[in-house]
Amino acid sequence: MNYPTGDSEGGHPYRLRVGCTFYDVIYQQVLRTTSSVRIRNGKVVLKLSRFAYGAKRDEIVRKFLKWAEKRLSKASGNDFINPVYEDGGRIVTHNKIYDLDVGARQGGDKSKARLKNGTLIQIRIASGLSLSAAKKTVQNLSEKLIIKDQTSYLCEVLNELNQLYFQENFVNCRFKRTRSRFGSCSTKRNINISFRLLFAPREIFKYVCVHELAHLKKFNHSKEFWCLVELAMPDYKNCEKWLKNNGFLLG
Ligand SMILES: [Zn+2]
């Protein structure tokens, strides 16, 4: 259950200011015995146990907000823009900007999406969808279109870096929509890269590609592995740091 909105929640803020950026704070009451906090899509979400109330609850909220502030203060904040999945919204990737045109579909019970002139994502929503279902559909269809549009770019970057630094063979490369990791390289030599890295600076995207290609030579994180990465990208440590501090904020 969400608490009612207002200026503050029991004296705690609904917006957290870190530097020049404001982050929404969402308070949710959960049936669990433990409380938790996470940052997702630029929002701080506090799940508070219903067994925590009064002074104990205040203390938990203060501790969580302090943690969020510390975590967010490390983020660089202005070198990427998260996508806005709505009519008139923009999706800024490091090599292309997409605009969104969302409308209702006249007839037909399936929502449709197409890419017009290379950068305009046109979505027509099937009638009868709830607002939240329509929102999810817009995001889902947009992501699918962008992945389809950007797959050749991903393969180009991987092929170029591979030729330059590794000269290995890989079977397939794909963008994935998982949130849990930025890239993976399977023993079957398939490379997957997180689609969210399209919103990160190009160097960060390049670093994850280098990292996964290096796994074609070494399937571990040994000293030799990091040497291979460093040869291709001497600045890789800064990219790792960027991912640690900002990666969780990518849309
Ligand atoms: Zn790795």
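**Exercise 1.** Determine how strand β8 is paired with strands β7 and β10.

*Solution.* Step 1: strand β7 (residues 90-92) and strand β8 (residues 97-104) run antiparallel and are joined by three bridges. Two strands are taken to pair if DSSP finds at least two bridges between them. Strands (E, at least two residues) and helices (H or I, at least four) are DSSP runs, numbered from the N terminus.

The model is a predicted one, in which local features need pLDDT of at least 70 and side-chain atom pairs count only at pLDDT 80 or more, while totals for chains, interfaces and linings use all residues. Residue numbers start from 1 along each chain as its sequence is written.

Step 2: R90 has D99 of β8 as its bridge partner, and a hairpin of four residues connects β7 to β8.

Step 3: β8 and strand β10 (residues 120-125) run parallel, with six bridges between them. Here A104 is bridged to I125 of β10.

**Exercise 2.** Locate N117 and R189, and classify the exposure of each.

*Solution.* Step 1: a residue is buried with 20 or more other C-beta atoms within 10 Å of its own, exposed with 12 or fewer, and partly exposed in between, the C-beta atoms being placed from the backbone.

Step 2: N117 lies in the loop between β9 (112-116) and β10. Its phi is positive, about 50°, although N117 is not a glycine. N117 counts as exposed because it has 7 C-beta neighbours inside 10 Å.

Step 3: R189 lies in the loop between β12 (183-185) and β13 (190-194). R189, also not a glycine, has a positive phi near 70°. R189 is partly exposed because 13 other C-beta atoms lie within 10 Å.
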